[in-house]
Amino acid sequence: MEQETAAAFVDMGTTNTRVWLARGGQILASARAQIGVRDSARDGTNARLREGLRDLLAEVIRQSRSHANFADPRCVIAAGMITSSLGLSEVPHLEAPAGLRELALGVRRFQFPDVTELPILLVPGIRTGKLTSDAAQTCAADIMRGEETLCMGLIANGLAPLPGVVLNLGSHWKAISLDEKCRIVGSITSLSGEMIHAVQTTTILASALPQERPQVLDTEWLEAGMTEQRASGLARALFCVRLLEQAKATTAEQRLAFLAGATIASDLDALLSKNVLRKRKKVTLIGHPALAGAWRHALDAASIGATIVTEQQTDNALLAGLGQILGESDFA
């Protein structure tokens with residue numbers, strides 16, 4: 001893509017969508033809204049999603065018109081759940097291993113006049129393994145939409161050592177393995193982030209836990225949760241949060257650290273057993289500072305080096321990934 005070409009960049013998830021307008025690597029405008037594919041699942045139609053995206057694109061163009069570097073965007077390039085069956089249009093996953101070249105070749109061009117007159121380029125996700133009728137084979141597989149683009153940007157910005165693992169701690173916790181050729185070679189996903197949120201807000205443990213996450217989790221109680229999970233299993237460790245509340249000797253923040261520790265131990269031990277995480281393999285952590293810090297503490301104890309990527313670095317990497325894929329695609 002020419003250095004001064006302007007484009008709109010879209011990241012759509014389950015519940016949130018973010019849009020930027022950039023030219024020559026400079027961000028001219030940004031906007032976000034609480035719309036995502038969960039709306040399509042709930043409504044039975046993607047009409048709300050299309051309307052929300054139309055408004056966001058119009059907003060960033062409106063914002064950027066007063067900027068000295070403004071130019072009309074040439075296209076929209078989007079990644080994430082927007083390429084799923086609940087998004088604008090489903091784009092099939094690429095098979096791992098896959099890197100920048102494969103992603104660029106897999107980009108698909110669409111026209112959605114009710115959303116924008118601009119062409120919309122959708123970046124495919126990546127699938128590890130096969131999805132079949134065999135339970136063991138399917139449970140060994142994994143899928144991603146959006147993280148592949150983020151990983152390309154992390155690599156480009158020097159934030160993901162190779163070979164290594166990117167551990168993204170969103171509503172899903174996803175461990176993504178990168179090889180020395182800058183390719184995604186596999187991933188493993190759990191629902192741990194969503195599970196913590198559900199426990200925190202919709203179960204009997206809601207009264208025992210803070211509704212907001214602190215910036216740091218108490219390491220003593222984090223380790224206590226890890227120890228209990230390893231001794232008794234995750235379900236029993238969760239009930240221990242209730243017992244800790246009844247004992248009236250802990251704070252809500254300490255009990256949240258215990259819960260996080262139990263959940264981290266469950267995922268960490270599984271990743272260690274599958275050899276996804278191991279000594280001398282560098283890990284890049286992305287997510288809420290409290291969770292990322294807790295994971296780094298747990299990884300340090302396992303003699304695994306980890307670095308935390310900030311929210312701003314993550315946004316920059318996502319934009320870099322989208323820009324690189326656009327530049328390498330047939331639509332540049």
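**View 1. Contacts of Val-283.** Leaving out residues up to four places away in sequence, Val-283 touches Val-165, Leu-167, Leu-277, Leu-299, Ile-304, Gly-305, Ala-306 and Thr-307 (contact: heavy atoms within 4.5 Å). The model is predicted, with local features needing pLDDT of at least 70 and side-chain atom pairs counted only at pLDDT 80 or more, while totals for chains, interfaces and linings use all residues. Residues are numbered from 1 along each chain as its sequence is written, and side-chain values use heavy atoms, without hydrogens and water.

**View 2. The largest nonpolar core.** This core has 43 residues, and those with the most contacts inside it are Leu-209, Leu-259, Leu-277, Val-283, Leu-285, Trp-295 and Leu-299. A nonpolar core is a set of buried Ala, Val, Leu, Ile, Met, Phe, Trp, Tyr and Cys residues joined through side-chain atoms within 4.5 Å; buried means under 20% relative accessible area, exposed over 50%, and partly exposed in between (1.4 Å probe, protein chains only). Elements giving two or more residues to the core include strand S10 (164–169), helix H6 (192–202) and strand S13 (282–287). Helices (H or I, at least four residues) and strands (E, at least two) are DSSP runs, numbered from the N terminus. H9 provides the largest share of this core, 10 residues. Apart from it lies another core of 34 residues, among them Ala-79, Cys-151, Ile-155 and Val-166.

View 3. Strands S2 (residues 17–23) and S3 (residues 26–33) run antiparallel and are joined by seven bridges (strands pair if DSSP finds at least two bridges between them). Arg-18 stands opposite Arg-32 in S3. Two residues lie between the strands of this hairpin, and Gly-24 in the turn has a positive phi of about 55 degrees.

View 4. Ala-96 and Pro-97 are joined by a cis peptide bond with omega of about 0 degrees. Pro-97 is in the loop between strand S5 (94–95) and helix H3 (100–106). The bond from Leu-162 to Pro-163 is also cis, with omega near -15 degrees; Pro-163 is in the loop between helix H5 (147–156) and S10.

View 5. Lys-248, although not a glycine, has a positive phi of about 55 degrees. Lys-248 lies in the loop between H8 and H9 and is exposed, with a relative accessible area of 74%. Asn-275, another residue other than glycine, has a positive phi near 65 degrees. Asn-275 is in the loop between H9 and S13 and counts as partly exposed at 42% relative accessibility.
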